[in-house]
Amino acid sequence: MQLNQAHILLVDDEPQLVRALTPALSAAGYQVTTAETGAGALSHLARDGCDVVILDLGLPDLDGKAVIERIREWSEVPIVVLSARDIEAEKIAALDLGADDFVNKPFAVGELLARLRAALRGRDRRFSARARFKAGDLEINFADRIVLLQGDEVRLTPREYDLLKTLARYAGRVVTHRQLIASVWGPQAQTDAQFVRVLVGQLRQKLEEEPAAPRILLTEPGLGYRLIPEDES
């Protein structure tokens with residue numbers, strides 16, 4: 001799928017934002033459909049589908065988190081939350097329910113477009129059997145569980161590899177501490193975010209040129225971590 005052929009469902013009840021954002025998205029090559037309510041968004045998605053949803057959390061009929069939960073009952077469509085709720089717990093809840101990314105209002109259109117491209121690349125990976133991941137100097141061979149950095153193999157512990165594999169699966173997107181714990185230690189694990197931080201620190205020592213200033217495995221303060229997006233090629 002070419003990114004400029006993608007169909008976006010923009011769900012927001014702020015007329016000014018919709019009027020400003022719709023032509024910007026159209027100019028970037030996207031087809032845009034709008035909905036002002038959660039019910040309207042769910043109806044459109046069930047009837048016509050789309051390639052990515054941009055969703056405001058503060059809708060007049062349903063809380064945006066409830067919309068995410070409803071969508072995830074039957075659809076894996078990427079969801080990028082666009083909201084003025086600058087509350088850490090709200091972001092974590094939205095991501096844990098299945099949102100792919102979170103952009104705060106006010107925002108730069110360029111940043112939103114970059115997040116959309118990452119979400120769409122993630123969508124393509126979900127619907128295809130990818131044996132390899134490549135982003136810059138980092139390459140992962142999932143079939144053989146081999147990690148290469150600048151062509152040289154990097155020896156990882158099983159948990160380090162599981163953490164990296166999970167982040168690569170959702171490359172370019174925020175993965176919360178809770179999601180990482182469930183993936184690496186198991187959904188019933190009695191583990192807190194500090195275990196994740198220690199494991200991330202170990203992984204950075206092996207992957208980053210400057211672990212204190214990471215460029216591959218990025219921190220989203222209070223939320224979790226984000227691996228750099230996969231090369232578009």
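Reader: How many Å separate the centres of domain 1 and domain 2?

Author: In this predicted model, the two centres lie 26 Å apart, taken over C-alpha atoms. Domain bounds come from an automatic or database domain assignment, which here gives domain 1 (7–126) and domain 2 (130–227). Residues are numbered from 1 along each chain as its sequence is written. Local features need pLDDT of at least 70, side-chain atom pairs count only at pLDDT 80 or more, totals for chains, interfaces and linings use all residues, and side-chain values use heavy atoms, leaving out hydrogens and water.

Reader: How many residues does each domain bring to the contact?

Author: Contact means heavy atoms within 4.5 Å. Domain 1 brings 12 residues and domain 2 brings 15.

Reader: And what area do domain 1 and domain 2 bury between them?

Author: Buried area is the accessible area (1.4 Å probe) that two parts lose on being put together, summed over both. Here that comes to about 1200 Å², with 49% of it on carbon and sulfur atoms.

Reader: How many salt bridges are there between domain 1 and domain 2?

Author: Look for a side-chain nitrogen of Lys or Arg within 4 Å of a carboxyl oxygen of Asp or Glu. Between these domains the count is 3.
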